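Subject: Structure handover, with notes on the ligand and pockets

Hello,

The structure is below, followed by what was found in it. Please read the notes alongside the model.

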Amino acid sequence: MITLWELKGRGERRYSLFSWRTRMALRHKDLSFDTQPVHMSDKAAIAFSGGKTVPVIRDGESVVRDSWKIAEHLEARYPDRAPLFGGDIGRGVTQTFNAWVDRALVPAMLPVIVADIHERIDPADDGYFRESMEKVLKKSLEQTRNERGEAVLRLGKLLEPMQAALKRQPFISGSGPAYADYILFSVFQWARVMSPQELLAPEDPLCGWRERLLDLYDSFARNVPTA
Ligand SMILES: N[C@@H](CCC(=O)N[C@@H](CS)C(=O)NCC(=O)O)C(=O)O
């Protein structure tokens with residue numbers, strides 16, 4: 001049995017975007033797992049991992065931290081299960097995509113939804129979350145709410161290449177879903193779980209793609225508490 005440590009929000013919401021990558025990767029490989037929800041501010045709960053962020057997994061004797069390292073671990077440990085990358089070239093391209101999502105897309109999504117996230121985190125994390133987010137964004141959560149219109153426009157512009165790609169193929173990884181899809185999906189699932197804003201219009205190719213991801217593995221990601 002594998003255990004996944006992830007963030008605990010209000011009303012059983014699981015909102016760690018990086019942990020959603022791991023959740024989907026575990027389902028992709030058809031591995032069963034249980035979860036340990038933790039508060040964002042409770043670093044003692046994950047001190048055994050040697051770090052301060054989730055996801056962390058324990059898989060037998062191995063403790064692995066960082067969503068990318070976890071994906072590599074699962075691919076190496078379970079080579080006979082459905083592949084997450086599809087060989088060395090696929091792993092390389094997927095790692096490049098991981099860097100783009102983390103360094104361009106996540107910072108573009110954050111100001112759009114951060115005030116909504118704040119309303120749905122566990123109350124125990126209130127001060128910690130506000131302080132750390134306001135430091136990253138260099139503005140107050142209230143200010144992000146006032147400037148949301150511009151942030152939504154910036155996000156839309158950034159997503160244009162994804163829309164173009166998804167007009168040509170049903171998944172980021174091609175004809176079927178793989179880890180690159182879960183990387184992108186994690187950002188939309190983060191928004192779906194914590195924000196009531198509808199960010200994708202029905203005619204957007206990203207909307208159809210997200211529906212396909214929500215349908216996977218018996219609607220695993222669809223049937224969770226959301227905003
Ligand atoms: N590169 C890491 C990033 C993990 C990360 O930032 N996780 C967030 C939750 S989504 C976290 O644990 N934050 C705790 C904090 O900021 O104190 C990964 O891919 O796992």
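This is a predicted model: local features need pLDDT of at least 70, side-chain atom pairs count only at pLDDT 80 or more; totals for chains, interfaces and linings use all residues.

A pocket is found on a 1 Å grid over the protein atoms alone, as an open set of points with protein on both sides within 12 Å along at least five of seven lines, and its lining residues have an atom within 4 Å of a point. Grid points are joined across faces, edges and corners, and a volume is the space filled by probe spheres set on the points.

Residues are numbered from 1 along each chain as its sequence is written, and side-chain values use heavy atoms, with hydrogens and water left out.

Second largest pocket. Its lining includes Leu 84, Phe 85, Ile 172 and Tyr 179. Helices are DSSP runs (H or I, at least four residues), numbered from the N terminus. H3 and helix H8 (179-194) are the elements that give two or more residues to this lining, and H3 gives the most, with 4 residues. The lining has 8 nonpolar residues, 3 polar and no charged, where Ala, Val, Leu, Ile, Met, Phe, Trp, Tyr, Cys and Pro count as nonpolar, Asp, Glu, Lys and Arg as charged, and the others, Gly among them, as polar.

Largest pocket. About 710 Å³ of space lies here. Of its 30 lining residues, Leu 17, Phe 18, Met 40, Thr 53 and Val 54 lie nearest the centre. Helix H1 (17-28), helix H2 (67-77), helix H3 (87-120) and helix H4 (126-137) each supply at least two lining residues; H3 gives the most, with 6 residues. The lining divides into 19 nonpolar, 6 polar and 5 charged residues.

Ligand. The ligand sits in the largest pocket (more than half of its atoms lie within 2 Å of the grid points). Around the ligand are 13 residues (a heavy atom within 4 Å), and Lys 43, Val 54, Asp 66, Ser 67 and Tyr 128 come nearest. This shell has 7 nonpolar, 3 polar and 3 charged residues.

Polar contacts (pairs of N or O atoms within 3.5 Å) are as follows:

- A ligand oxygen is 2.5 Å from a side-chain N or O atom of Ser 67.
- A ligand nitrogen is 2.8 Å from a polar backbone atom of Val 54.
- A ligand nitrogen is 3.0 Å from a side-chain N or O atom of Asp 66.

The protein covers 77% of the 510 Å² of accessible area that the ligand has on its own (Shrake-Rupley method, 1.4 Å probe).

Regards

Notes: A polar contact is a pair of N or O atoms within 3.5 Å; within protein, one must be able to donate a hydrogen and the other to accept it, and residues adjacent in sequence count only if both atoms are side-chain atoms. On a 1 Å grid over the protein atoms alone, a cavity is a set of points where a 1.4 Å probe fits but cannot get out, and a pocket is an open set with protein on both sides within 12 Å along at least five of seven lines; lining residues have an atom within 4 Å of a point.
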